Amino acid sequence: KRSNGNRMMRPEYPGSLIIETSSACNLKCVMCPQAINAVNRPMHMDESLVEKLVPFVKNSHSIQLHGIGEPFLSKSFWSLLEYLPPPTDWKAWAQGKCVSSVNTNLTILKKEHIAKILKSNLSIINVSLDAANEKTYRKIRGYDFKKVIDNLKNLIKARGKREFPKIWANMTLMKENVTEVIDFLDLAIGDLGCDHVGTWIMND
């Protein structure tokens, strides 16, 4: 064994994990393979795998709990939350702690979900929003913008002054939304109180 701060890390365990808790999604966003049914055999991760993954999760310093699907649909995602190591973030790295993150469309958020999130050691919830208004959101994501914004408000309110989870919002830049970047920043940071905004461009 080798020492890593307050915990003993076993060399046979990888330090970084990417666990696709679901490849199924409830949306068909225009920039996603889900929109053209290009995801091979969309499904949720088998719950029987959770117990097998626990030792790896407990010995990781970086964990991503999403892939091409919506993780909040997966029972395995909610089960894995219980085993995350103590949280940290990229700006304040600490030995013996872990940056754990999930990317979600936040269309599905119940009171019991919020309770499980706040009880867990999850470091970052990154919400794919992609728009600053209903019209653009509907065009890109085909869903109810107000419902997602309300879910985001409820999550931020419930998180309160807790340090974690950090709540991020992200935008995939394309011709439909690129002129809304400033409005997006005003909405996510100014109006909603997100901790961070990320943007990235689509591939050709």
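**A walk from the aromatic pairs to the sheet**

Let's start with the rings: this predicted model holds five aromatic pairs. Rings of Phe, Tyr and Trp (its six-membered ring) pair if their centres lie within 6.5 Å; planes under 30 degrees apart count as stacked, over 60 as edge-to-face and the rest as tilted. One of the pairs is Tyr-13 with Phe-56, edge-to-face at 5.1 Å centre to centre and 85° between the planes. This pair links distant parts of the chain, 43 residues apart: Tyr-13 is in the loop between strand E2 (7–9) and strand E3 (16–18), and Phe-56 is in helix H1 (residues 48–58). Helices (H or I, at least four residues) and strands (E, at least two) are DSSP runs, numbered from the N terminus.

How accessible are these two rings? Tyr-13 is buried at a relative accessible area of 16%, while Phe-56 is partly exposed at 31%. Buried means under 20% relative accessible area, exposed over 50%, and partly exposed in between (1.4 Å probe, protein chains only). Phe-77 and Trp-78 have ring centres 4.9 Å apart and planes at 75°, so this pair is edge-to-face too.

Six strands form an open sheet in the order E3-E4-E5-E6-E7-E8, with parallel pairing. Its edge strands, E3 and strand E8 (196–201), each pair on one side only. Two strands pair if DSSP finds at least two bridges between them; E6 and strand E7 (residues 166–173), running parallel, are joined by five. Ile-125 stands opposite Ile-167 in E7. Helix H5 (residues 145–159) lies across E6 and E7, at about 150° to E7. For such angles, axes are lines fitted to C-alpha atoms, for helices over the stretch in contact (heavy atoms within 4.5 Å), and the angles run from 0 to 180 degrees between N-to-C directions.

Ser-120 counts as buried because its relative accessibility is 16%. Its side chain reaches the backbone oxygen of Ile-117 at 2.7 Å and the backbone nitrogen of Leu-122 at 3.2 Å.

A word on reading the model: residues are numbered from 1 along each chain as its sequence is written, and side-chain values use heavy atoms, leaving out hydrogens and water. Because this is a predicted model, local features need pLDDT of at least 70 and side-chain atom pairs count only at pLDDT 80 or more, while totals for chains, interfaces and linings use all residues.

How values were computed: Polar contact = N/O pair within 3.5 Å; in protein donor to acceptor, adjacent residues only side chain to side chain.
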